[in-house]
Amino acid sequence: MRRPRSVLSVNGTPTAWLGVNFWSRSGGPRMWTRYDRDLVRDELRMLYEHGLRQTRSFFYWPDFVPEPGVLAEQPVEHYLDFLDAHLQIGMTTIPTFLVGHMSGENWDPAWRGERDLYTDVWLVAQQSWFITQMTRRTHEHPAVVSWLISNEMPIYGRRHDQAPAATKDVTAWAQLVVSAVRAGGAAQPVSIGDGAWGIEVTGQDNGFSVRQLGRLSDFTGPHVYKMDSDPIRQHLNAAFVCELAAVTSLPVVLEEFGLTDEFASASSQATYYRQSLHSSLLAGATGWLAWNNTDYDDLAEQAPYSHHPFEMHFGITDATGAPKPALRELADFSDVLADVDITRTRRADTDAALVVTSFLERHHPFTRPADSELAFRSLRQAYVAAREADLPLVFSREVDGLDQDASLYLLPSVRQLLAPTWAWLRERAEAGATVYASVCAGDEPVQRGPWVPHLGELFGVEHQLLYGLAEPIEDDVVQIRIVRDFGSLRAGEVLPARAAGTADSRTYLPVVPAGADVIATDAHERPLLLEHRVGAGRMVLSTYPLENMAACSARVNPEPTWRVYDALALLAGARRDVRVADPLIMCDVLEREDGTRFACFLSQHPQEVVADVQVRGRLLERTTGADLRGRVRLAPHGALVTRLTT
């Protein structure tokens with residue numbers, strides 16, 4: 001199966017962006033009324049010298065439109081000079097129209113009043129007018145390569161204490177404002193700038209459907225600032241979001257990501273950038289725009305920095321313009337992109353599928369927000385475990401119909417799928433596939449239990465549930481006791497898994513075998529893993545919600561689920577071109593159009609490590625071609641891209 005990875009085309013040329021969101025330190029969001037021509041060029045030149053070729057720039061709406069229907073000429077003139085500076089230095093930019101929201105504050109034009117940004121006809125007309133005016137003024141400039149409608153419009157369009165906008169209203173608004181770009185004469189790619197926070201990615205409905213907006217856009221742009229309780233999950237957050245954001249098959253540009261000095265040490269900033277960049281590359285991203293270009297120490301008395309002081313220090317350069325660790329990581333990554341020729345490179349195929357339940361993104365009758373939250377949480381932890389097992393995945397969405405060519409289907413801590421999907425999975429197992437499901441009762445005492453029709457027939461068991469009651473997991477550490485060989489799992493092994501979850505989800509499914517073979521038991525000799533052979537394949541059941549337990553635990557990875565996935569991959573014959581036995585070293589393969597292949601390694605170790613690699617062929621040093629003899633040396637939390645020959 002092909003893993004999605006699309007490349008954006010600008011003027012007919014395949015393009016990958018590496019750059020930064022830009023406000024000059026001369027004024028932050030107010031830079032267009034405090035414009036410093038020479039400083040802007042110095043700031044851009046520093047970025048260029050470190051391999052960055054793009055900026056994302058912003059029209060601060062209150063300054064550009066002081067009155068309805070009035071375009072302020074000074075900010076426009078300054079922006080045109082800003083475009084000229086890009087051209088002189090060798091860079092391009094992506095203008096963002098409606099700002100709107102920025103760095104912890106919403107910035108309304110004084111004349112907006114209480115009008116709704118999406119449904120008030122007059123206000124939508126004002127937005128469209130502004131967009132068309134700015135497009136007409138700038139679209140022929142060679143420094144402009146794309147357009148973004150807004151910056152995080154879900155935050156601007158509704159206060160935190162208001163209900164989200166309706167999808168139909170947001171989609172209609174988006175259609176009008178995108179049309180305004182085209183009315184201004186622009187042919188460059190366009191996207192919304194909403195952060196890709198819609199229900200298809202987050203499981204939470206904010207009105208900005210990634211699917212619906214994808215019909216109006218040329219790329220999808222996630223903004224990722226997630227915080228976590230586990231270092232490995234944190235390092236893979238951007239990658240996981242990029243995988244989910246590919247739901248539209250459009251190119252995925254990591255439009256915003258970054259961190260502030262107040263929340264991370266200098267060394268951990270470098271680690272976060274390195275991990276986010278390389279893991280999202282392996283997740284299919286083809287563009288990266290860091291937040292943001294500089295620090296703003298001189299703007300401490302200016303909003304938003306006065307009331308959100310941590311926003312002063314997201315820069316990849318400091319307040320004097322000197323490089324910070326993040327900029328050095330971006331420079332190193334620019335070398336990787338050039339070496340692999342990223343616009344001509346795709347991800348290696350796979351035959352393992354991570355099943356994304358329709359309950360993540362659909363409001364089925366009488367289902368609850370907790371259902372989609374559980375799905376998101378479990379899927380993310382399953383993604384981590386698969387990466388630890390060096391198992392590349394396709395995200396196979398129930399809404400779109402599951403991929404038919406997988407040899408392995410993973411259903412992590414699943415509570416809900418549609419009834420026809422379960423029947424279809426049984427057919428796939430009979431045809432030779434391996435289907436794995438760990439079951440979860442759900443987070444709440446509402447229709448609590450696995451919604452699996454004919455569970456006993458599917459998995460060769462008889463469940464022993466009592467209606468209305470949950471079977472609590474008594475042990476804080478669950479002992480997964482392997483009782484017979486199963487793939488890479490060996491009889492006699494004991495794998496400890498930390499128990500966690502709500503009183504409803506920290507429960508197990510009591511079963512007795514009725515045709516299935518027991519692979520593992522818990523410390524109380526209850527079946528924990530079972531295999532049911534059906535036709536040419538197998539249905540594998542975990543009676544404990546392993547992924548959800550780990551997802552609810554802090555600093556838990558690597559946890560034993562990766563061992564289960566490793567065993568499943570071996571039995572299913574799932575393709576893994578490169579493997580390392582250590583779960584803290586993750587690897588994957590990229591393939592270029594000319595047949596050149598690259599093995600990519602990402603270490604989660606805080607110290608330098610040397611690892612033996614299981615690979616068919618030879619590993620060669622990327623730039624010199626030296627034979628690495630099947631071993632790689634990785635710096636602390638290091639990334640390495642090598643050539644791979646067969």
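Colleague: In which strand is the place of Thr15?
Modeller: Strands are DSSP runs of E with at least two residues, helices are runs of H or I with at least four, and both are numbered from the N terminus. Thr15 falls within residues 13-15, which is strand S2.

Colleague: What pLDDT do local features need here?
Modeller: Residues are numbered from 1 along each chain as its sequence is written, and side-chain values use heavy atoms, leaving out hydrogens and water. This is a predicted model: totals for chains, interfaces and linings use all residues, side-chain atom pairs count only at pLDDT 80 or more, and local features need pLDDT of at least 70.

Colleague: Is Thr15 buried or exposed?
Modeller: Buried means under 20% relative accessible area, exposed over 50%, and partly exposed in between (1.4 Å probe, protein chains only). Thr15 has a relative accessible area of 17%, so Thr15 is buried.

Colleague: Which residues have the most contacts inside the largest nonpolar core?
Modeller: Such a core is a set of buried Ala, Val, Leu, Ile, Met, Phe, Trp, Tyr and Cys residues joined through side-chain atoms within 4.5 Å. The largest has 147 residues. Those with the most contacts inside this core are Trp23, Ile149, Trp173, Trp288, Ile316 and Leu391.

Colleague: How many residues are in the second, separate core?
Modeller: Val355, Leu411, Val452 and Leu455 are among its members. The count for this second core is 29 residues.

Colleague: What is the bridge partner of Ala611 in S32?
Modeller: S29 and S32 (residues 631-634) run antiparallel, joined by four bridges. Two strands pair if DSSP finds at least two bridges between them. For Ala611, the partner in S32 is Val632.

Colleague: Which are the edge strands of the open sheet?
Modeller: Seven strands form this sheet, in the order S9-S8-S5-S4-S3-S13-S11, with parallel pairing. An edge strand here pairs on one side only. The edge strands are S9 (190-191) and S11 (253-254).

Colleague: How are H9 and H12 oriented to each other?
Modeller: H9 (residues 231-245) and H12 (residues 369-388) pack at about 110 degrees, with axes 10 Å apart. Angles under 35 degrees count as roughly parallel, over 145 as roughly antiparallel, 65 to 115 as roughly perpendicular and the rest as oblique. H9 and H12 are therefore roughly perpendicular.

Methods. Axes fitted to C-alpha atoms, helices over the stretch in contact; angles between N-to-C directions.
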